[in-house]
Amino acid sequence: MDNSLRELYQEVILDHSRHPRHYGALDGATHKAEGYNPLCGDRVNIYLVLDAQGRVTDIKFEGKGCAISQASASLMTEMLAGKSRVEAERLMQGFLHLVKGEDGGELPEDAREHLEVMGGLSAFPMRVKCATLAWHTFKSALEEGAQ
Ligand code: ZN
């Protein structure tokens, strides 16, 4: 990755960590989960509303931790809002590959650009846990429901 691209990605991460999108609790969430990354101390709560067709009609998060964990959660909520469950799971799989420095598979081009912001982290295994926390928590939320 060249330096100008790396700087751009760092700016995106800082912007999202300072001004997180979709931040806060979500009343009426149909699914939620709490995630914790003990290596770094990051915490993320994911709240979502799935409609009868399985589409993510609303998604929000709360959390605290390092800039990468919070920026990743913010980027994720932006990407997943309005997506079907199948699309969301495809994005999640693609991201989990990209962040490890592997090929993202059949990701749509706009999603690929969004997710590659985190792609430079593959050289830092500790940071990968920070970046993937929100996505693993989203997956737990899908599986566990609102409880
Ligand atoms: Zn972290």
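Buried means under 20% relative accessible area, exposed means over 50%, and partly exposed is the range in between. Keep those cut-offs at hand for this tour of a predicted model.

Stop 1: Select C40. Its relative accessibility is 30%, so C40 counts as partly exposed. Now select C66. Here the value is 17%, so C66 counts as buried. Look for disulfides if you like: the count is zero.

**Stop 2: D42.** Go to strand β2, which covers residues 42-50 and includes D42. This aspartate is buried, yet D42 has no salt bridge. The nearest side chain of opposite charge belongs to R127, 6.1 Å away. The side chains of D42 and S69 are joined by a polar contact of 3.4 Å. Then show the other neighbors. Leaving out residues up to four places away in sequence, D42 touches G35, Y36, N37, K64, G65, C66, S69, C130 and L133. C66 from the previous stop is among them.

**Stop 3: the largest nonpolar core.** This core holds 39 residues. Select L48, M118, W135 and F138, which touch the most other members. Color the elements that supply at least two residues each: α1 (3-18), β2, β3 (56-64), α2 (67-80), α3 (85-98), α4 (109-116) and α5 (125-144). Which helix gives the most to this core? It is α5, with nine residues.

**Stop 4: F138.** Zoom in on F138 and display its contacts. Beyond residues up to four places away in sequence, F138 touches I46, L48, I59, M76, L80, A88 and M92. One of these, L48, you selected at the last stop.

Notes: Residues are numbered from 1 along each chain as its sequence is written. This is a predicted model: local features need pLDDT of at least 70, side-chain atom pairs count only at pLDDT 80 or more; totals for chains, interfaces and linings use all residues. Side-chain values use heavy atoms; hydrogens and water are left out. A disulfide is a pair of cysteine sulfur atoms within 2.5 Å. Buried means under 20% relative accessible area, exposed over 50%, partly exposed in between (1.4 Å probe, protein chains only). Helices (H or I, at least four residues) and strands (E, at least two) are DSSP runs, numbered from the N terminus. Lys and Arg count as positive and Asp and Glu as negative; His and the chain ends are not counted. A salt bridge is a side-chain nitrogen of Lys or Arg within 4 Å of a carboxyl oxygen of Asp or Glu. A polar contact is a pair of N or O atoms within 3.5 Å; within protein, one must be able to donate a hydrogen and the other to accept it, and residues adjacent in sequence count only if both atoms are side-chain atoms. Contact means heavy atoms within 4.5 Å. A nonpolar core is a set of buried Ala, Val, Leu, Ile, Met, Phe, Trp, Tyr and Cys residues joined through side-chain atoms within 4.5 Å.
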